[in-house]
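Take a look at the chain below.

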Amino acid sequence: MGSRPVDHMRRGPSARAGRGAGAETYRSSVLVLGAGRLRYPNIRSMSPVPGGLVIGQVTDANTGDGISGATLTGTGTGAVSTTSAATPNDAALGDGFYWAFAPVGKQTLAVAKSKYVSASKAVTFAADSTVEKNFSLKAGRLKVTPTSIDSSVAWGGSATKTLTIKNTGGADATVELAEKTGGFAPAASGAPLISKKGDYSPLSAKSRAGKAGAAAAAPAEGGDAWETVADLPDTIEDNAVAADNGKIYSAFGYDGSADIKSLYSYDAENGWTKLADAADTREAPAHGFIGGKLYAVGGWGAGGSPDAKLEIYDPGSNRWTTGAPSPTPLAGSGSAVLDGKLYSVGGCTATVCGSDSVTVYDASDNSWSTAASYPEDVAWESCGAIGALLYCSGGVTDDGELKSAYVYDPAGDSWSALPDMPKPLWGSASTAANGLLLISSGVSGNALTNAGYAYDPAAGTWSSLPNADVATFRGGGAPGFYKVGGATGTASPVSTVELLPGYDQTSGSDVSWLSLDSSEFTLAPGATVSVAVSVKASVDEITQPGEFTAQVAISTNTPYAVASVPVTMTVAPPNTWGKITGTVRGKASDGSTAPLKGATVQVDSWASSYTLITDKDGHYALWLDARNNPLTVIVAKDGYAPTVTTVKVVKKGTVTTDFTLKKA
């Protein structure tokens, strides 16, 4: 006889357990096979388990707040295992609530949460009952005073203040302090934005000399953020600019009539100093300091093609030597030094701009290698080393301008994309300092601009820098943030040097002018530690008076965030310095006068020259050493007759000299 299926389920008697949920016996899948034959192929059964509930709340002993995510673990057979949770939908039930069912018996219930001291309690579970066990977890907690530190010091001076850290919590707290770079707080904004349309070529400046192109972009007016530094001895573009041991170096480039092989160094005390010439002339080489020596390679050489020779300058002996030549030299490359190696990224040949080539020079064994190709062809991009990574952004090729940005990790020999720059930009002055990639001026949208940007790898974001006073491209940048030379039009180099102060820290975790007398300690509950926080304006990186900022970062094993303590050092000018300031006005045909913005104020002394640009109110100002006296001040503005006068700076004083220019 054939079989026929019977859908038959019989539910057995129920038994209450736990929170009253039935523990039931099921018999299912009964088939009648033939006459009178029954088979039970699958029988599942559950037996009632007598037990009870434990409920409670896990709270912070310091604040009384509920702690979500704490783990609760019991012992023995049927051990409890649960987690405390937030209760956003029940206003009457606080966060940190937990519950669990367990068989009749005793357990030790342990509670744990990262950065808290674990706790435990004995729990007895009885049938059909509920027991409440609350836990209050101890942790260290820090109180830091003051919340900020401000010190005013004389030029070359120092100061020390005390930072007090107290453990107000109920458990030990381990503390680690670290210096973090900050920045410079400009007193005012930058100059108005300049955008001068034109035909700006990325090829050799010498090859473009005498050809039609963009006219020089005159500054609209000066701002207050960028400071004027002594002019270069020569007008220069395509120069290699770098910093080492408190000095700024400018080498090579095009001076408006020829390529040069000159090298100069700058410091605030001595101004610009002529050093030994290199062997070859070159424009826009890859460059950087390694182990206290300046390396330069590539760049358009005397014959118009990139020069493979690697030249090495030793400041100690004031001599140049050579190293292994580059296997694939280019000009207008992005370059930076990372972990003792010089990276050259992209660049131009004699006739074409744009390459994905990445070459690496290792000074330790005088050898060249290649790294992973840049993600796209590029030239004239901005590059800088931050931490253990290489960051590059912007650039240009024969096909157009770029605003893309990438980071290179030498450990994996790989590039990764970053957020794009706010706008395309190439030929900028750039450097890495204070944990940021800093970029100022260049060409954007076929227009010369004075705009600037900073990329913060920690935040993964771009922000704007104050506009520079003078819009240039194809100049150099160095920590400070110094902007050295460059051109204001086709083959139109300038000698102008500007400084956006405060961006002088080239280590991400150490601030040269800041020190702590203690950085690691453990505080018992109620204990206090006093840390001496010292600032010193005599370090090489402090080259201008102004306001410098950093942070004392505080790491701890407590569950609470501890804000960093801002540290501000305000450095006064040297005792031998004085200030020259004034207003330039223009005189109209009717005899009336008005402030003249954008006028050029050139201050010459026996030691150095400085070029200032008046702001919207016709104002100019400059701090400099009174030992430069006497000063020759030349004031000029297109459409007006220039004027010249002699001024003497007063030590620790201010000399105000106003000018009125007549229409030419």
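## Cavities

A cavity is a set of points, on a 1 Å grid over the protein atoms alone, where a 1.4 Å probe fits but cannot get out; lining residues have an atom within 4 Å of a point. This is a predicted model, in which local features need pLDDT of at least 70 and side-chain atom pairs count only at pLDDT 80 or more, while totals for chains, interfaces and linings use all residues. Residues are numbered from 1 along each chain as its sequence is written, and side-chain values use heavy atoms, with hydrogens and water left out.

The largest cavity is lined by Ser-201, Leu-203, Ala-205, Arg-208, Glu-237, Phe-473, Arg-474, Ala-487, Gly-489, Thr-490 and Ala-491. It holds about 70 Å³ of space. Volume here is the space filled by probe spheres set on the points, with grid points joined across faces, edges and corners. How many cavities of 30 Å³ or more does the whole structure have? The search finds six.

## The chain as a whole

The protein chain has one helix and 57 strands. Both are DSSP runs, numbered from the N terminus: helices are H or I with at least four residues, strands are E with at least two.

The chain has 664 residues, and 48% of them count as buried. Buried means under 20% relative accessible area, exposed means over 50%, and partly exposed is in between (1.4 Å probe, protein chains only). Contact means heavy atoms within 4.5 Å.

## A four-stranded sheet

Four strands form an open sheet in the order E52-E51-E54-E55, and the pairing is antiparallel. Two strands pair if DSSP finds at least two bridges between them. Which strands are at the edges? They are E52 (609-613) and E55 (643-647), and each pairs on one side only. From one strand to the next, the twist averages 20°. The axes behind this angle are lines fitted to C-alpha atoms, and angles run from 0 to 180 degrees between N-to-C directions.

Strand E51 covers residues 600-604, and five bridges link it to E52 in the antiparallel sense. Asp-604 has Ser-609 in E52 as its bridge partner.

## Strand E35 and its partners

Strand E35 spans residues 405-409 and is mostly covered, with four of its five residues buried. E35 pairs with strand E32 (residues 389-393) in the antiparallel sense over four bridges. There, Tyr-391 stands opposite Val-407 in E35.

E35 also pairs with strand E36 (residues 414-418), again antiparallel, over five bridges. Tyr-406 has Ala-417 in E36 as its bridge partner. The hairpin of E35 and E36 has four residues between the strands, and in this hairpin Asp-413 takes a positive phi near 50°.

## Two buried residues

Is Ser-84 buried or exposed? Ser-84 is buried, because its relative accessible area is 3%. Ser-84 lies in the loop between strand E7 (81-83) and strand E8 (97-103). Beyond its neighbours within four places in sequence, Ser-84 touches residues including Val-58, Ile-67, Leu-72 and Phe-97. A polar atom of the Ser-84 side chain lies 2.7 Å from the backbone oxygen of Ile-67. A polar contact is a pair of N or O atoms within 3.5 Å; within protein, one must be able to donate a hydrogen and the other to accept it, and residues adjacent in sequence count only if both atoms are side-chain atoms.

Trp-272 is found in strand E22 (residues 271-274). Trp-272 counts as buried because its relative accessibility is 13%. Its side chain has a polar atom 2.8 Å from the backbone oxygen of Ala-230. The backbone oxygen of Asp-231 lies 3.4 Å from a polar atom of the Trp-272 side chain. Trp-272 and Ser-250 are 22 residues apart along the chain, and their C-alpha atoms are separated by 9.6 Å.

## A partly exposed glutamate

Glu-401 is found in strand E34 (residues 400-401). Glu-401 is partly exposed, because its relative accessible area is 22%. Which backbone nitrogen lies 2.6 Å from a polar atom of the Glu-401 side chain? It is that of Gly-445. The backbone nitrogen of Asn-446 lies 2.9 Å from a polar atom of the Glu-401 side chain.

Note on methods: 1 Å grid on protein atoms, 1.4 Å probe; cavity = no way out; pocket = protein on both sides within 12 Å on 5 of 7 lines; lining within 4 Å.
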